[in-house]
Amino acid sequence: VLSSSLPRLVREFVAQNNASQIKHVIQILSQEFALSQHPHSRKGGLIGLAACSIALGKDSGLYLKELIEPVLTCFNDADSRLRYYACEALYNIVKVARGSVLPHFNVLFDGLSKLAADPDPNVKSGSELLDRLLKDIVTESNQFDLVGFIPLLRERIYSNNQYARQFIISWILVLESVPDINLLDYLPEILDGLFQILGDNSKEIRKMCEVALGEFLKEIKKNPSSVKFAEMANILVIHCQAADDLIQLTAMCWMREFIQLAGRVMLPYSSGILTAVLPCLSYDDRKKNIKEVANVCNQSLMKLVIPEDDEMDEAKQSMTLPAEPTSEESISKPETTSSGESELDITALNQPLSFPCSSERIQVTLNLDGIVQVLDCHLHDTSIGMMTRIAVLKWLYHLYIKTPRKMFRHTDSLFPILLRTLSDESDEVILKDLEVLAEIASSPAGQTEGHGPSDGSDVRPGPVELHVPARAGQLSSSGMKALECSPSTPTMNSYFYKFMINLLKRFSSERKLLETRGAFIIRQLCLLLNAENIFHSMADILLREEDLKFASTMVHTLNTILLTSSELFQLRNQLKDLKTPESRNLFCCLYRSWCHNPVTTVSLCFLTQNYKHAYDLIQKFGDLEVTVDFLTEVDKLVQLIECPIFT
């Protein structure tokens, strides 16, 4: 009776424009039937509400709140048949109202998201029909309230239920496809959730999520000027460290595009990016794709650092004061501090993600503190792979080249680990490490007052205060010309002598390093720095060495390098002639230290063509204690004399 008479009654009320009676009918259907305690009454109420909506026709939009609310309540009914009838009733209500339901979209979406995970197949089937209808309405309308919908989407996107996730992704794909809906503006709100869904156990859901992310990335490439790169940077940093390979690879690909598209906008997030990228550089072939993309990210990020970053001091920055970050912005801008002293807050990356509402552009500045902290941390980590260590050292070298003034503020803290890295098992690592140390020892920025070597006694081999040799720091005219062109001209600064002292200390405490890598290290340094300066300073330091056995061994090593290395051809010729005050000064300095080892002293005399003095020294060998080591040294000298070097 209800189903047959109700439509006629409602149509009469519509014709009479009797809104109060229409509301009264809907109220009765809701309160006394749809929300009744009796299942049959609830079923009748749902059928009645659908029939009422059909009878109202285009006027149903005026009563949608009253029609929809009781139906949505029945979505939670324990009886699966009633949940199905509720789906059917809401389908009819929405079909009649069409675009008029959009102001109520959030409650409809909320109800549907729950039914998407319903265990009953009939209910799921009914909800899918309703879902498709609602998608059609949204697609054809230009009145969809995206701003009002985003908070609900952001909440629902973190659901762990597979069906709910599938439902969410399907809606994101639909919204992405509508030209009038710019979902890209709100991507920072949902990006983290999308990456979490990408790790779902279902291959189908992972594929859907891949497609959605791919569409977003295409849109980003098309319209980079409208993308909020900064607000998504830390989200990518987190997921670039994911244990799931697909999540990590996808996030790394996004990071690559962000760095290349946004450029220096990404600089404030460099420490986080490096934390995520550097370990990937040592991946094996099982994660080759991730490794390759990470390498591109690393190279692209490095190119963003420019010499102008060294000139942007605190005084200059204070001329353009950025807005103070809000608590919501603190996670997105981890390195931006007012004092210029930053602390890498790894724990902040694990906090709930918040997103700044402000679209103000804040001046991009390079804050080295966080970057250097990350690089230092990786150098101290003995478990990291060789390629990561090389990348860290390349970064340090690059920063010393591009921003030497700022980098020398960190040199005292970096110096010990750089010296320890000389004991690395990889020759490639040692070569890069030597490049960094050579740059520190030769950069003009290292001579700046206040940034020189510390005065602590730990760098002194003995109680006697050491000074840089007067002649050793002098440059030839060609050297001065080179200095004007290059920041890496081999010359001496405040750190050069400190480096030589500490290098000899390391050889002294780690004899195996001296035996296996000593000659290799010194020869490379002679290529990177001024060979005369190296030999002059080492000889001066060894003159005060208290461990005579080490001094003898070290002098022997230096002498062998001097006599046999192709890198020292020019220095040998200089010593052979002794025509300049500099060469004579060098000979005198070497001679005093070479006296730690009788045989090396004689070989130095042979090299410098002081044959009479060499003869006198050999005459005195008879007064020395003849040991196996001494005989070995003499044998080596005889072999050297027969070499072309003395001919």
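This text walks through the structure above, from the whole chain down to single residues.

The model is a predicted one. Start with the whole chain. It holds 31 helices and zero strands. Of its 647 residues, 50% are buried. Now look at contacts between residues at least 6 apart in sequence. Among these, 75% join residues at least 24 apart.

Helix α3 covers residues 39–56, and helix α5 covers residues 80–97. Their axes lie 8 Å apart and cross at an angle of about 10°. Angles under 35 degrees count as roughly parallel, so α3 and α5 are roughly parallel to each other. Which residues meet here? From α3 come P39, R42, K43, L46, L49, A50, S53 and I54. From α5 come L82, Y85, A86, A89, N92, I93 and V96.

Follow the chain onward from α5. R98 sits in the loop between α5 and α6. Most residues other than glycine have a negative phi. R98 has a positive phi, near 50°. Its relative accessibility is 29%, so R98 counts as partly exposed.

Then comes helix α6, residues 105–115. Eight of its eleven residues are buried, so α6 is largely enclosed by the rest of the structure. The buried ones are F105, L108, F109, D110, G111, L112, S113 and L115. What do they pack against? The partners are α4 (64–74), α5, α7 (121–140), α8 (146–156) and α9 (162–177).

Now check the cysteines. How many disulfides are there? The count comes to zero. Take C280 as a case. A disulfide needs two cysteine sulfur atoms within 2.5 Å. The closest cysteine sulfur to that of C280 belongs to C240, and it is 7.2 Å away, too far for a bond. C280 is buried, with a relative accessible area of 1%. C74 is buried as well, at 3% relative accessibility.

Move on to helix α24, residues 511–528. It has 18 residues. From its first C-alpha to its last it reaches 24 Å, close to the 26 Å expected. Yet α24 has a kink of about 70°, centred on R517. R517 is also one of the buried residues of α24. What covers them? The cover includes α21 (427–442), α23 (494–509), α25 (531–542) and α26 (548–564).

E425 is found in the loop between α20 (411–420) and α21. Is E425 buried or exposed? It counts as exposed, because its relative accessibility is 71%, and exposed means over 50%.

Finish with α26 and its neighbour, helix α27 (residues 569–577). Their axes are 8 Å apart, at an angle of about 95°. Angles of 65 to 115 degrees count as roughly perpendicular, so that is how α26 and α27 are described. I561, L562, L563 and T564 in α26 meet L571, R572 and L575 in α27.

L578 lies in the loop between α27 and α28 (581–594). L578 has a positive phi, near 50°, and is not a glycine. With a relative accessible area of 17%, L578 is buried.

How values were computed
Residues are numbered from 1 along each chain as its sequence is written. This is a predicted model: local features need pLDDT of at least 70, side-chain atom pairs count only at pLDDT 80 or more; totals for chains, interfaces and linings use all residues. Side-chain values use heavy atoms; hydrogens and water are left out. Buried means under 20% relative accessible area, exposed over 50%, partly exposed in between (1.4 Å probe, protein chains only). Helices (H or I, at least four residues) and strands (E, at least two) are DSSP runs, numbered from the N terminus. The expected span of a helix is 1.5 Å times one less than its number of residues. The bend at a residue is the angle between axes fitted to the seven residues ending there and the seven starting there. Contact means heavy atoms within 4.5 Å. Axes are lines fitted to C-alpha atoms, for helices over the stretch in contact, and angles run from 0 to 180 degrees between N-to-C directions. Angles under 35 degrees count as roughly parallel, over 145 as roughly antiparallel, 65 to 115 as roughly perpendicular and the rest as oblique.
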